[in-house]
Amino acid sequence: MDHAEETEILAATERYYVERPIFSHLVLQERLHKKDKISDSIGDKLKQAFTCTPKKIRNIIYMFLPITKWLPAYNFKEYVLGDLVSGISTGVLQLPQGPFAVISLMIGGVAVRLVPDDIAVPGGVNATNGTEFRDALRVKVAMSVTLLAGIIQFCLGVCRFGFVAIYLTEPLVRGFTTAAAVHVFTSMLKYLFGVKTKRYSGIFSVVYSTVAVLQNVKNLNVCSLGVGLMVFGLLLGGKEFNERFKEKLPAPIPLEFFAVVMGTGISAGFGLHESYNVDVVGTLPLGLLPPANPDTSLFHLVYVDAIAIAIVGFSVTISMAKTLANKHGYQVDGNQELIALGLCNSTGSLFQTFAISCSLSRSLVQEGTGGKTQLAGCLASLMILMVILATGFLFESLPQAVLSAIVIVNLKGMFMQFSDLPFFWRTSKIELVIWLSTFVSSLFLGLDYGLITAVIIALMTVIYRTQSPTYTVLGQLPDTDVYIDIDAYEEVKEIPGIKIFQINAPIYYANSDLYSNALKRKTGVNPSFILGARRKAMKKYAKEGGNINIANATDVKADAEVDAEDGTKPEEEEDEVKYPPVVIKSTFPEELQRFMPPLENVHTIILDFTQVNFIDSVGVKTLQGIVKEYGDVGIYVYLAGCSAQVISDLTRNRFFENPALLDLLFHSIHDAVLGSLVREALEEKEAAAATPQEDSEPNATPDV
């Protein structure tokens, strides 16, 4: 027998016994003494905020220079080989492709909008120079929008707006990244087939791109497709080999690097571009452009685009970061990502670059080829710098089909996320809706509008969950203080005369009416129905010639709320306000009972608030109405398991304006049950004392 089985047997056989008073809220508060909390003054808070300590300095350095944190802890023997292979593979793949496709399309869209193809050029400029003039203007636009996007991202990071990443739930992130993978896949098809198509952006761009490729498939380049499929098969087989023997290999085989070298060699050796018209990378310009000041006068024309680019760039980055973090078990900081993106974009714009973001394909290549730390990214960057400065000519013969095959193969992990659908179908239909709506909206509306739509839908599901929570009637597991769903287990029994009602959500304006209706429906106790039944019973009795005081037969509400002499509500007397009783005890005569429909004798409703984390002013008014409605027909309403926050909400909204309502609060369901039974036993004893009968004894308190 193992330790777990022994523990389980011990837990099942052991018993515990607790002897304590019944804790209503007032009784419990008498036993407790609050700690004195001394709040800091504004001056002390400002002093603490601006005090410079070694810990604060260290945290600031880690935020802006994270390399100072991970590099000293770098495990050279374990990580260096994987980082080296990954850096080279990612760097080779990065050379001819440039930035992330979606951000490229967004910046290209604003550049073309402000500098269209038919823009007027200065007189005396020929066609070639006119094209150069137009392209130079577009570069200025790209620099301006990049600088502004970087400033926005940096400011958001400093202001700690990275918390918005919490709204990107896992189903949303996985649906979003899957849609982004489809976007990348469709953009690679034309290179794989070797066809020329127009570049599309915006809504339904993925549809237009796919249709354009299919319409031109008759013009496909067989040689280009053959090279791409060969590399495709090589990578799939190699990755399977890497996965199967990963425990025995010191590092994954750099398949992407070999594919690029082999593709470049075959293309150059057989002259694929010249002989078979295979698209190749072509000339790579050498050297870096000199620094230049972005044109800030364009900010008022591009600020909307800059905001969209800043948000989409961050969203794509944090989504991919979360995906990899969940896979490898580490945390990401949204604020740090914003600061990094902001610094890169604002600084890079000075060197005539445009906005960066996370690339799905290159990130997956870096992760799939064994990259462990940021050193792999540093090596990839150094390799790109080396190519830009000196060795770019070596890759001029690299076929575009090879690169497209590498990208498509590394999207496999993203496409495997379609397996989420049956999982969410079994576990959560709401999360399935989030996944599908995110995927569909991001696929057809574009990643920018799709992301906004997905976040809105995700927030709407939160409202739906709280507006349509689970309502449960609880019963007691006999001889215990455990109360669970009466409809779920045969052993659970209701306590006679008591209904226990539970909600698993906050009570606020969106669900307060639904809560009240569900309470009456699930418990089967409706005060309006009881009052209506009593009135009908009195009418039937009167028709038979009975004579009864109707005011006394219904309730004693009039005597409690209205003064007999002047007909006014209770007034202040000696600085003390008189309140009507919380529960109006009925004086319904026994001779009328035969006219009443069969009703369950319920004297107490217990509202379980253990799962209610807040209640707003509308919810408090609804609760006041519930207490009054049931009180008018002689039924007590107790509140059990209220958190400190809920009690604070009730107090702030003047629920306890009548101090007698404090007697309705109990620490737990069991305390409320015992309190109810004790109250009923005392009332029966008082009634028996008022009308003594022979050979009768007051009922004892039931043992629960």
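**Helices α9 and α11.** I began with this pair in what is a predicted model. I found that the axes of α9 (residues 170-193) and α11 (residues 222-244) come within 7 Å, with a crossing angle of roughly 120 degrees. On the α9 side I listed Y191, L192 and F193, which meet S224, L225, G228 and L229 of α11. Sorting the residues of this contact by type, I got five nonpolar, two polar and no charged.

**Transmembrane annotation.** Next I looked up the UniProt record, an unreviewed entry. Its "transmembrane region" annotation covers several stretches, among them 141-166, 172-193, 223-241, 253-272 and 298-321. I checked two of these spans in the model. For residues 141-166, I noted 33 Å between the end C-alpha atoms, with 69% helix and 0% strand. For residues 253-272, the end C-alpha atoms are 27 Å apart, and the span is 85% helix and 0% strand.

**S315.** Is S315 buried or exposed? I located S315 in helix α14 (residues 299-328). S315 counts as buried because its relative accessibility is 6%, and the cut-off for buried is under 20%. Leaving out residues up to four places away in sequence, I saw S315 touching L168, F176 and L451.

**The sheet.** Then I turned to the strands. I traced an open sheet of six strands in the order β2-β1-β3-β6-β7-β8, and its pairing is mixed. Which strands stand at the edges? They are β2 (483-485) and β8 (665-666); each has a single partner strand, so one side of each has no neighbour in the sheet. I also noted helix α27 (residues 617-632) packing on the sheet, where α27 touches β6 (604-608) and β7 (636-640). The direction of α27 makes about 140 degrees with that of β7.

**Strand β1 and its partners.** I gave β1 a closer look. Strand β1 (residues 471-476) runs antiparallel to β3 (residues 498-503), and four bridges join them. L474 stands opposite D485 in β2. The β1 and β2 hairpin has six residues between the strands, and D479 there takes a positive phi near 65 degrees.

How many residues of β1 are buried? I get six of six, so to speak a mostly covered strand. Y471, V473 and G475 point one way from β1, while T472, L474 and Q476 point the other way; all are buried.

Terms used. Residues are numbered from 1 along each chain as its sequence is written. This is a predicted model: local features need pLDDT of at least 70, side-chain atom pairs count only at pLDDT 80 or more; totals for chains, interfaces and linings use all residues. Side-chain values use heavy atoms; hydrogens and water are left out. Helices (H or I, at least four residues) and strands (E, at least two) are DSSP runs, numbered from the N terminus. Buried means under 20% relative accessible area, exposed over 50%, partly exposed in between (1.4 Å probe, protein chains only). Contact means heavy atoms within 4.5 Å. Axes are lines fitted to C-alpha atoms, for helices over the stretch in contact, and angles run from 0 to 180 degrees between N-to-C directions. Ala, Val, Leu, Ile, Met, Phe, Trp, Tyr, Cys and Pro count as nonpolar, Asp, Glu, Lys and Arg as charged, and the others, Gly among them, as polar. Two strands pair if DSSP finds at least two bridges between them. UniProt positions are given in the numbering used here, feature names are shortened, and annotations may be inferred rather than shown by experiment.
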